[in-house]
Amino acid sequence: MVIGDRRESDVPDKHDAGAGSLADYTYNLFPRFTNVTLRVAGSSPFQNELTELQEALVSPTDAFVERRPPAEDRVDAPMPVRLWTGSDLSGVVGFVPRGLEAPVDACLGRLSDRGKAPRIPCDIVVTRHGLRVVLRMGRAY
């Protein structure tokens, strides 16, 4: 189906845009509360991967988000999210929502500065529009 001069597949899914707010973070991008979460965007194409991960014997509890190098930061490249299942890393299951890359990057930087692994606690949740990944940003420290 064509909408205007764009195909239906080019139209972003409003239910898959991710969720979170910069208001949940202090001026230095530290979460205000331990219950601050961020829902990953772009998970619709990865529903098969998420289903396999949810049904696996070892359920993923941590997410891995690769930090962008400065060259990619300038072009606003997406930050893919993968999940840890034991010692294995899954394929991409979504992306950090646009505009919320800075709190995630700050979290990864703090974890690195403390000598901790760059893992953010996460959950796979069921919504009316499919499976989604929720990063528990307030619990990452």
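Predicted model: local features only at pLDDT ≥ 70, side-chain atom pairs only at ≥ 80, totals over all residues.
Helix H1 spans residues 47-55, and its buried residues are Gln47, Leu50 and Leu53. These residues lie on the same side of H1, because the arc they cover around the axis is only 125°. Asn48, Glu52 and Glu55 are exposed and sit on the face of H1 turned away from the buried side.

Side chains of opposite charge can pair when their charged atoms come close. In the whole structure, 3 salt bridges are found. One of them joins the side chains of Asp62 and Arg119, with an N to O distance of 3.9 Å. Asp62 belongs to strand S4 (residues 62-65) and Arg119 to the loop between helix H3 (101-113) and S7, so this pair ties together parts that are 57 residues apart in sequence. Arg119 is partly exposed, at a relative accessible area of 29%.

A salt bridge is also formed by Asp123 and Arg136, whose closest N and O atoms are 3.5 Å apart. Asp123 is located in strand S7 and Arg136 in the segment after S8; the pair therefore ties together parts that are 13 residues apart in sequence. Asp123 is partly exposed at 33% relative accessibility, and Arg136 is partly exposed at 28%.

Arg98 and Glu101 likewise form a salt bridge, the closest N and O atoms being 3.8 Å apart. Within this pair, Arg98 is exposed, with a relative accessible area of 52%, whereas Glu101 is buried at 8% relative accessibility.

Notes. Residues numbered from 1 in each chain as written. Heavy atoms only, no water. Buried < 20%, exposed > 50% of the residue type's maximum accessible area, 1.4 Å probe, protein only. Helix = DSSP H or I, 4+ residues; strand = E, 2+ residues; numbered from the N terminus. Arc of directions from axis to C-beta. Salt bridge = Lys/Arg side-chain N within 4 Å of Asp/Glu carboxyl O.
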